[in-house]
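This report describes how one protein chain is put together. Look at the structure below, then read the sections in order.

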Amino acid sequence: MAGSLGEHSVLTETGAGAGGATGGRYASIDALRGWIMMVMAVDHASAFIARQHGVEFWAGAMSAYTEAFPFLTRWITHLCAPGFFFLMGAGTTGGGGLPRDSGWMEFLNNVKYPPSLVFWLMALGINLLLLALLVRLPEGWKSPRSPWIVFGQTPLFFYLAHFALLAAAGFAFFPEAGSLEMAWAVWAMALIALYPLCLWYRRFKRNMPEDSFWRML
């Protein structure tokens, strides 16, 4: 039993097995956290560049959409908050809404505040499926220099840097709302710019003492 579980368990992912630079962290958990950070940035790129951002109210339905592209752009970001709660502290340790006739979009639309049971099951279920997929990916996909590992190991730094970068880009280059396609393009460029910054910061904080404030970022 132990041998069969070990083949696909995150517990097999030690620092040495992931290339010697993960410091005993579980690569799949860092990768999922990095994926969540990247998806979260989509929401902020949409807000700052396209001036599109859904607003959910307590005990109210999610924003209504008439087209699939903006709906899916917003919908995938709903996986982030439950994913953060699910992964909290895991990096180094072992209702109804308003009726709308929107077809399949209505089927996927659930009450977020307070989160309905369906919302939690949907969001956490997808995050668990992604984690299971990441566990089974070849180690090369989870190398210490892969973007989702780098972003997943510097989450707070990524959050602060990406927010400032997208806000500056929105105010400097998009005085008028851009298209949603442009928001996705800026999102991709922001990730490219953030990668070396997060890579540098990971090296920096690892050189700090264990009780250093910088390690919290």
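## Overall make-up

The chain holds 9 helices and 0 strands, where helices (H or I, at least four residues) and strands (E, at least two) are DSSP runs numbered from the N terminus. Read from the N terminus on, the elements run α-α-α-α-α-α-α-α-α. Of the 217 residues in the chain, 45% are buried; buried means under 20% relative accessible area, exposed over 50%, and partly exposed in between, with a 1.4 Å probe and protein chains only.

This is a predicted model, in which local features need pLDDT of at least 70 and side-chain atom pairs count only at pLDDT 80 or more, while totals for chains, interfaces and linings use all residues. Residues are numbered from 1 along each chain as its sequence is written, and side-chain values use heavy atoms, with hydrogens and water left out.

## The nonpolar core

A nonpolar core is a set of buried Ala, Val, Leu, Ile, Met, Phe, Trp, Tyr and Cys residues joined through side-chain atoms within 4.5 Å. The largest one here has 43 residues, and Ile49, Trp148, Phe151, Phe158 and Trp187 have the most contacts inside it. At least two residues of this core come from each of α2 (27-48), α4 (80-87), α6 (117-136), α7 (147-152), α8 (155-173) and α9 (180-206). The largest share, 13 residues, is supplied by α2.

What does Trp148 touch, leaving aside its neighbours within four places in sequence? Trp148 is in contact (heavy atoms within 4.5 Å) with Asp30, Ala31, Gly34, Trp35, Met38, Leu134, Leu137 and Trp141.

## Helices α8 and α9

The axes of α8 and α9 come within 10 Å and cross at roughly 140°. Axes are lines fitted to C-alpha atoms, for helices over the stretch in contact, and angles run from 0 to 180 degrees between N-to-C directions. The two helices are therefore oblique to each other: angles under 35 degrees count as roughly parallel, over 145 as roughly antiparallel, 65 to 115 as roughly perpendicular, and the rest as oblique. The crossing of α8 and α9 is right-handed, meaning that the near helix is turned clockwise from the far one by less than a right angle.

On the α8 side, the contact involves Phe157, Phe158, Ala161, His162, Leu165 and Leu166. They meet Val186, Ala190, Leu191, Ala193, Leu194, Leu197, Cys198 and Tyr201 of α9. By class, the residues of this contact are 13 nonpolar, 1 polar and no charged. Ala, Val, Leu, Ile, Met, Phe, Trp, Tyr, Cys and Pro count as nonpolar, Asp, Glu, Lys and Arg as charged, and the others, Gly among them, as polar.

## Helices α2 and α8

The axes of α2 and α8 also come within 10 Å, crossing at roughly 20°. These helices are therefore roughly parallel to each other, and their crossing is right-handed. From α2 the contact includes Arg33, Met37, Met38 and His44, and from α8 it includes Pro155, Phe158, Tyr159 and His162. The contact of α2 with α8 has 12 nonpolar, 3 polar and 1 charged residues.

## Two residues of α2

His44 lies in helix α2 and is buried, with a relative accessible area of 13%. Not counting residues up to four places away in sequence, His44 touches Tyr159, His162, Phe163 and Leu166.

Beyond residues up to four places away in sequence, Ser46 touches Arg51, Gln52, Leu180 and Ala183. Ser46 and Arg74 are 28 residues apart in sequence, and 8.5 Å apart in space from C-alpha to C-alpha.
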